[in-house]
Amino acid sequence: MNSSGYRPLFERETKFAVPVHDRFQKEPLPLAGIFELAVSAENGPVTVQPVNGMERFHTLYNHTYQKAMIDRTGIREWHFGMLASFMNRLPVYRITRPQQGFSAPQQSELIYDTIKPMTEEG
């Protein structure tokens, strides 16, 4: 792409804001699940496994951005309620990929194959 028609981000010369407004979904869509991305030390295939029970809560909590701010801002009860709500309404999965190699196509295919039956129901 020719970058001459785009404005740079943060005064950088190599990163640009590319307008793609016509490529976004304008209406809300239901969330089909939450996927944790994990790395395996072994060089095996990309796998997807459901996360069950209370491990779902811990998985969501461990991936909360800025956890230290929860108590400082007084939102501990709200945060707990949101995690419980997600945990009770949405399936949680763990995608594990090998440490070496490029596996994004396999990961996206597994995500699609996992959520496809749910999207066809509703």
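Visitor: How much of the chain counts as buried?
Guide: This is a predicted model, and in it 20% of the 122 residues count as buried.

Visitor: And what's the accessible surface like?
Guide: The accessible surface comes to about 9,900 Å². Carbon and sulfur atoms hold 54% of that.

Visitor: OK, switching to the fold. What order do the elements run in?
Guide: Starting at the N terminus, you get β-β-β-β-α-α-α-β-α. The chain is more spread out than a compact globule, because its radius of gyration is 19 Å, well over the 14 Å from the globule rule for 122 residues.

Visitor: How many aromatic pairs are there?
Guide: Searching the whole structure turns up 2 aromatic pairs. In one of them, phenylalanine 35 and tyrosine 93 have ring centres 4.9 Å apart and planes at 20 degrees, so that pair is stacked.

Visitor: Which strands do those two sit in?
Guide: Phenylalanine 35 is in strand β3 and tyrosine 93 in strand β5, so the pair ties together parts 58 residues apart in sequence.

Visitor: Is tyrosine 93 buried or exposed?
Guide: Tyrosine 93 is buried, at 14% relative accessible area.

Visitor: What about phenylalanine 57 and phenylalanine 80, how are their rings arranged?
Guide: Their ring centres lie 5.2 Å apart with the planes at 55 degrees, so this pair is tilted. Phenylalanine 57 belongs to helix α1 and phenylalanine 80 to helix α3, so parts 23 residues apart in sequence are tied together.

Visitor: Last one, charges. How many positive and negative side chains?
Guide: There are 13 positive and 13 negative ones, and the centres of the two sets are 5 Å apart.

Definitions and conventions: Residues numbered from 1 in each chain as written. Predicted model: local features only at pLDDT ≥ 70, side-chain atom pairs only at ≥ 80, totals over all residues. Heavy atoms only, no water. Helix = DSSP H or I, 4+ residues; strand = E, 2+ residues; numbered from the N terminus. Rg over C-alpha atoms; globule rule 2.2 N^0.38 Å. Buried < 20%, exposed > 50% of the residue type's maximum accessible area, 1.4 Å probe, protein only. Areas by Shrake-Rupley, 256 points an atom, 1.4 Å probe, with all protein chains shown as cover. Lys, Arg positive; Asp, Glu negative; His and termini not counted. Charge placed at Lys NZ, Arg CZ, Asp CG, Glu CD. Phe/Tyr/Trp six-rings, centres within 6.5 Å; stacked < 30°, edge-to-face > 60°.
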